[in-house]
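Hi,

Here is the structure I promised to pass on. Have a look at it first, and then read on for what turned up.

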Amino acid sequence: MFTIIHFLVTSVFLTALRPQNRTMHFVTEFILLGFQGQREMQSCCFSLILVLYLLTLLGNGAIVCAVKWDRRLHIPMYVLLGNFAFLEIWYISSTVPNMLVNILSETKTISFSGCFLQFYFFFSLGTTECFFLSVMAYDRYLAICRPLHYPSIMTRKVCVTLVCVCWVSGFLCYPVPVALISQLPFCGPNVIDHFVCDPGPLFALACISAPSTELICYTFNSVIIFGSFLSILGSYTLVIRAVLRVPSGAGRTKAFSTCGSHLTVVSLFYGTLMVMHVSPTSENPAGMLKIITLIYSVMTPLLNPLIYSLRNKEMKNALKKVLGLTISQN
């Protein structure tokens, strides 16, 4: 599904952006400054980000394989986790490989079309993650608050439908903001003090002010971020209310531990998103924006497998089985 969406959107975007470059835009490429500093510091930064990237691929890839190969995990909760882990692989891959190349590059350039393609996929995958977090919170609400009705409500068909809705709706949300920003005139300079093509720096480089476009984009981001965040908050509020009624102290402790871990990642992800994409970013220092973006684009994909899956006993057993099978085959 992702490959088909990737091919169609790439073809459409490249076709749409090429004529704009000839008739409207003087800028044909952007320079992503990324993390500046001495060569030794950049090498250290490269090594650290590469290690985090490889660990993220390893952790999320192991979860995808475990869910796929262990039939005991073919239930809604783990199907959602498997898709979420698969999403995290693509989410971090939409920025980190280009970031690593830029660190080692002398020119640090990215084409006009490539910049907006990165913009589209990075934000579409981030939006899809928001939707998945909402659905996963809803799944936990049903399992804890309505356990007797859970099998009849969260059927395999419903689960597959929710997964498809998350993927498709995530990729249908951002063509309009990307098209609006890409149609602004960019006549120079073309230097973006960031490691990704982000709306804030792109608005700053436009030759004309576009308050209406900025308002549309920030409103759009606010609706997506706050809408999904409030749905997660509502689900976990109902979960906590149900947990407080559990007579067993051990049961309450276990449930609160799970909810607390999930809410920690949700708070980290949404907190940084709100700072970056809900409030105008022109007042924030460029260095702070890079750190905030690094947290939700690199750190959360690394932490999510640990929080959502690797602390789960059934997932641990499945991972041991998968790793043992891989070792025996080798």
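Predicted model: local features only at pLDDT ≥ 70, side-chain atom pairs only at ≥ 80, totals over all residues.

**The core**

Let's start with the nonpolar packing. The largest nonpolar core has 74 residues, and the members that touch the most others are Phe30, Phe116, Ile181, Phe186, Leu202 and Tyr270. Helix H5, which runs over residues 112-145, puts in the largest share of this core, with 18 residues. There is also a second, separate core of 15 residues, with Cys45, Leu52, Leu100 and Phe195 among them.

Neighbours within four places in sequence aside, Phe30 is in contact with Lys108, Thr109, Ile110, Phe112, Cys115, Phe116, Phe186, Asn190, Ile192, Leu202 and Leu205. Two of the names there, Phe116 and Phe186, are also on the list of core residues that touch the most other members.

**Lys108**

One of those contacts of Phe30 is Lys108, so here is a bit more on that residue, which is buried at a relative accessible area of 12%. Buried here means under 20%, so with 12% Lys108 counts as buried. Lys108 sits in the loop that links helix H4 (96-104) to strand E2 (109-111). Its phi is positive, at about 55 degrees, although Lys108 is not a glycine.

**The cavities**

How many cavities of 30 Å³ or more does the structure hold? There are five. I looked at two of them.

The largest cavity has about 130 Å³ of space. It is lined by 13 residues, and those closest to its centre are Phe123, Gly126, Thr127, Tyr174 and Leu273. H5, helix H10 (211-244) and helix H11 (249-277) are the elements that give two or more residues to this lining. H5 has the largest share, with five residues. Sorted by class, the lining comes to nine nonpolar, four polar and no charged residues.

The second largest cavity holds about 80 Å³. Ten residues line it, and Met77, Leu81, Met136, Arg140 and His262 are the closest to its centre. Helix H3 (76-93) and H5 supply at least two residues each, and H5 gives the most, with four. What about charge in this lining? The classes are seven nonpolar, one polar and two charged residues.

**A pocket, and Asn83**

The second largest pocket has about 290 Å³ of space. Its lining is made up of Val64, Val67, Lys68, His74, Tyr78, Val79, Gly82, Asn83, Arg156, Val160, Val163 and Cys164. Helix H2 (39-69), H3 and helix H7 (156-172) each give two or more residues to this lining. By class, the pocket lining divides into seven nonpolar, three polar and two charged residues.

Asn83, one of the residues that line this pocket, lies in helix H3. Which side chain does Asn83 join in a polar contact of 3.3 Å? The partner is the side chain of Trp167. Sequence neighbours within four places aside, Asn83 is in contact with Phe132, Val163 and Trp167. Val163 also lines the second largest pocket.

That's what I have for now.

Cheers

Methods: Residues numbered from 1 in each chain as written. Heavy atoms only, no water. Core = buried A, V, L, I, M, F, W, Y, C linked by side-chain atoms within 4.5 Å. Buried < 20%, exposed > 50% of the residue type's maximum accessible area, 1.4 Å probe, protein only. Contact = heavy atoms within 4.5 Å. 1 Å grid on protein atoms, 1.4 Å probe; cavity = no way out; pocket = protein on both sides within 12 Å on 5 of 7 lines; lining within 4 Å. Points joined across faces, edges and corners; volume = space filled by probe spheres on them. Nonpolar A, V, L, I, M, F, W, Y, C, P; charged D, E, K, R; others polar. Polar contact = N/O pair within 3.5 Å; in protein donor to acceptor, adjacent residues only side chain to side chain.
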